[in-house]
Amino acid sequence: MQTGLVQTMNETNRTRGWIDGERAIVFQRCETCAHSWYFWRTFCPNCGASEPESLKASGSGQVYALSMVHRPPSQELRAHVPYLIVLVDADEGFRLMAHGESSLTIGDRVQARFVEFGPRLMPFFGRTSVSD
Ligand SMILES: [Zn+2]
(Lines give C-alpha, C1' and ligand atoms only; values in the text may rest on other atoms or scores of the structure.)
Protein backbone atom coordinates (compact mmCIF):
# COMPACT_ATOMS: atom_id res chain seq x y z
CA MET A 1 0.00 0.00 0.00
CA GLN A 2 1.30 3.44 -0.90
CA THR A 3 1.58 6.09 1.74
CA GLY A 4 2.01 9.86 1.59
CA LEU A 5 -0.48 12.68 1.14
CA VAL A 6 0.05 13.27 -2.59
CA GLN A 7 -0.36 9.62 -3.56
CA THR A 8 -3.39 9.21 -1.29
CA MET A 9 -5.13 12.20 -2.87
CA ASN A 10 -4.44 10.91 -6.37
CA GLU A 11 -5.64 7.39 -5.60
CA THR A 12 -8.98 8.49 -4.17
CA ASN A 13 -9.87 10.71 -7.17
CA ARG A 14 -8.50 8.53 -9.85
CA THR A 15 -10.41 6.59 -12.50
CA ARG A 16 -8.43 3.46 -13.30
CA GLY A 17 -6.98 3.20 -16.80
CA TRP A 18 -4.41 1.17 -18.70
CA ILE A 19 -1.61 2.50 -16.48
CA ASP A 20 -3.34 0.58 -13.67
CA GLY A 21 -3.81 -2.52 -15.83
CA GLU A 22 -7.41 -1.73 -16.89
CA ARG A 23 -8.54 -1.74 -20.52
CA ALA A 24 -9.37 1.95 -20.61
CA ILE A 25 -7.86 5.29 -21.60
CA VAL A 26 -8.41 7.82 -18.84
CA PHE A 27 -8.29 11.57 -19.32
CA GLN A 28 -9.22 14.61 -17.26
CA ARG A 29 -11.60 17.45 -17.97
CA CYS A 30 -12.04 20.80 -16.28
CA GLU A 31 -15.58 21.52 -15.15
CA THR A 32 -14.86 25.27 -15.22
CA CYS A 33 -13.48 25.80 -18.75
CA ALA A 34 -14.14 22.37 -20.40
CA HIS A 35 -10.47 21.92 -21.33
CA SER A 36 -9.43 18.25 -21.49
CA TRP A 37 -5.97 16.65 -21.24
CA TYR A 38 -4.22 13.33 -20.86
CA PHE A 39 -1.46 13.49 -18.23
CA TRP A 40 -2.74 13.38 -14.66
CA ARG A 41 -2.78 16.73 -12.82
CA THR A 42 -4.48 18.05 -9.71
CA PHE A 43 -5.46 21.30 -11.47
CA CYS A 44 -6.49 22.49 -14.94
CA PRO A 45 -3.44 23.44 -17.09
CA ASN A 46 -5.65 25.94 -18.97
CA CYS A 47 -7.40 27.93 -16.22
CA GLY A 48 -5.90 26.62 -12.97
CA ALA A 49 -9.19 25.36 -11.49
CA SER A 50 -8.72 22.55 -8.97
CA GLU A 51 -10.29 19.10 -8.79
CA PRO A 52 -10.73 18.28 -12.49
CA GLU A 53 -12.96 15.30 -13.27
CA SER A 54 -11.41 12.03 -14.40
CA LEU A 55 -13.15 10.12 -17.20
CA LYS A 56 -12.80 7.09 -19.43
CA ALA A 57 -12.38 7.94 -23.12
CA SER A 58 -14.29 6.27 -25.95
CA GLY A 59 -10.97 5.21 -27.49
CA SER A 60 -11.81 6.73 -30.85
CA GLY A 61 -9.94 9.54 -32.54
CA GLN A 62 -7.83 10.61 -35.51
CA VAL A 63 -4.12 10.12 -36.25
CA TYR A 64 -2.24 13.40 -35.83
CA ALA A 65 1.32 12.16 -36.33
CA LEU A 66 3.26 8.91 -36.46
CA SER A 67 6.76 7.54 -36.13
CA MET A 68 8.16 4.08 -36.90
CA VAL A 69 10.53 2.84 -34.18
CA HIS A 70 13.43 0.72 -35.44
CA ARG A 71 15.75 0.91 -32.41
CA PRO A 72 14.19 -0.48 -29.22
CA PRO A 73 14.44 1.84 -26.19
CA SER A 74 15.09 -1.17 -23.94
CA GLN A 75 16.28 -4.76 -24.25
CA GLU A 76 12.87 -6.20 -23.43
CA LEU A 77 11.31 -4.39 -26.43
CA ARG A 78 13.88 -5.69 -28.92
CA ALA A 79 11.52 -8.42 -30.14
CA HIS A 80 8.85 -5.83 -31.01
CA VAL A 81 10.76 -3.62 -33.48
CA PRO A 82 9.89 -2.20 -35.87
CA TYR A 83 6.67 -0.78 -34.35
CA LEU A 84 4.62 2.32 -34.94
CA ILE A 85 4.13 5.10 -32.37
CA VAL A 86 1.13 7.32 -33.08
CA LEU A 87 -0.10 10.61 -31.72
CA VAL A 88 -3.89 10.49 -31.70
CA ASP A 89 -6.33 13.35 -31.26
CA ALA A 90 -9.01 11.69 -29.15
CA ASP A 91 -12.63 12.62 -29.84
CA GLU A 92 -12.82 13.99 -26.27
CA GLY A 93 -10.31 16.75 -27.16
CA PHE A 94 -7.00 15.51 -25.75
CA ARG A 95 -3.95 14.10 -27.55
CA LEU A 96 -2.16 10.93 -26.54
CA MET A 97 0.79 8.84 -27.66
CA ALA A 98 0.25 5.13 -28.19
CA HIS A 99 1.05 2.22 -30.49
CA GLY A 100 -0.77 1.55 -33.74
CA GLU A 101 -1.07 -0.66 -36.81
CA SER A 102 1.96 -0.19 -39.06
CA SER A 103 -0.23 0.74 -42.05
CA LEU A 104 -1.79 3.82 -40.39
CA THR A 105 -1.42 7.21 -42.05
CA ILE A 106 -2.01 10.76 -40.82
CA GLY A 107 -5.69 11.64 -40.75
CA ASP A 108 -6.97 8.07 -40.39
CA ARG A 109 -9.90 7.54 -38.02
CA VAL A 110 -8.82 5.04 -35.37
CA GLN A 111 -10.15 3.05 -32.41
CA ALA A 112 -8.11 1.81 -29.47
CA ARG A 113 -7.85 -1.75 -28.27
CA PHE A 114 -5.40 -3.05 -25.68
CA VAL A 115 -2.40 -5.31 -26.24
CA GLU A 116 0.42 -6.75 -24.17
CA PHE A 117 3.59 -4.88 -25.05
CA GLY A 118 6.70 -5.95 -23.18
CA PRO A 119 5.77 -6.09 -19.49
CA ARG A 120 2.48 -4.16 -19.68
CA LEU A 121 -0.91 -3.64 -21.27
CA MET A 122 -0.94 -0.69 -23.68
CA PRO A 123 -3.42 1.11 -25.95
CA PHE A 124 -3.06 0.09 -29.60
CA PHE A 125 -4.89 1.94 -32.37
CA GLY A 126 -6.38 0.35 -35.46
CA ARG A 127 -7.99 2.07 -38.45
CA THR A 128 -11.74 2.46 -38.65
CA SER A 129 -11.73 4.56 -41.84
CA VAL A 130 -9.14 6.00 -44.22
CA SER A 131 -8.38 9.72 -44.44
CA ASP A 132 -9.76 11.65 -47.43
ZN1 LIG B 1 -10.02 24.91 -16.75
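**Entry 1: confidence and overall make-up**

I began by noting that this is a predicted model, and I looked up the confidence before anything else. The mean pLDDT of the chain is 88, and 89% of its residues reach 70 or more. Over residues 1-10, however, the pLDDT is below 50, and this stretch has three contacts in the model once near neighbours in sequence are set aside. I therefore leave that stretch out of what I describe next, given that its pLDDT is below 50 and that local features need a pLDDT of at least 70.

I then listed the elements and found one helix and eight strands, running from the N terminus as α-β-β-β-β-β-β-β-β. The chain has 132 residues, of which 18% count as buried. Looking at contacts between residues at least 6 apart in sequence, I noted that 46% of them join residues at least 24 apart.

**Entry 2: the three-stranded sheet**

I asked in which order the strands of the open sheet stand. Three strands form it in the order β2-β1-β3, and their pairing is antiparallel. β2 (36-37) and β3 (53-56) are at the edges with a single partner strand each, so one side of each has no neighbour in the sheet. Strand β1, residues 26-29, is joined to β3 by four bridges, and I picked out Val26, whose bridge partner in β3 is Lys56.

Next I followed the chain into strand β5 (residues 83-90), which pairs with β6 in the antiparallel sense over six bridges. The two form a hairpin with four residues between them, and in the turn Gly93 has a positive phi of about 100 degrees. Across this pairing, Leu87 stands opposite Met97 in β6.

What does each face of strand β6 carry? In this strand, residues 95-100, the covered face holds Leu96, Ala98 and Gly100, whereas Arg95, Met97 and His99 are on the uncovered one. Strand β6 also runs parallel to strand β8 (residues 120-129), with two bridges joining them, and here His99 stands opposite Phe124 in β8.

Strand β8 has a further partner in β7, and I noted that these two pair in the antiparallel sense over nine bridges. Arg113 has Phe124 in β8 as its bridge partner. β7 and β8 also form a hairpin, with two residues between them, and Gly118 in the turn has a positive phi of about 60 degrees. Strand β4 (residues 60-69) runs antiparallel to β7, to which three bridges join it; in β7, Arg109 is the bridge partner of Gln62.

**Entry 3: the nonpolar core**

I then looked up which residues have the most contacts inside the largest nonpolar core. This core has 13 residues, and the ones with the most contacts inside it are Val88, Ala98 and Phe125. β5, β6, β7 and β8 each supply at least two residues of this core, and β5 gives the most, with three. As background I wrote down that in soluble globular proteins nonpolar side chains tend to be buried together.

Apart from residues up to four places away in sequence, Ala98 touches Val86, Val88, Ala112, Met122, Pro123, Phe124 and Phe125.

**Entry 4: two loop residues**

Glu92 has its place in the loop between β5 and β6. Beyond its neighbours within four places in sequence, Glu92 is in contact with Phe27, Ser36, Ala57 and Ser58. The C-alpha atoms of Glu92 and Arg29 are separated by 9.1 Å, although the two residues are 63 apart along the chain.

Gly107 and Val88 are 19 residues apart in sequence, and their C-alpha atoms are 9.3 Å apart in space.

Terms used. Residues are numbered from 1 along each chain as its sequence is written. This is a predicted model: local features need pLDDT of at least 70, side-chain atom pairs count only at pLDDT 80 or more; totals for chains, interfaces and linings use all residues. A residue is buried if 20 or more other C-beta atoms lie within 10 Å of its own, exposed if 12 or fewer, and partly exposed in between; C-beta atoms are placed from the backbone. Two residues are in contact if their C-beta atoms, placed from the backbone, lie within 7 Å. Two strands pair if DSSP finds at least two bridges between them. A nonpolar core is a set of buried Ala, Val, Leu, Ile, Met, Phe, Trp, Tyr and Cys residues joined through C-beta atoms within 7 Å. pLDDT is the predictor's confidence in each residue, from 0 to 100.
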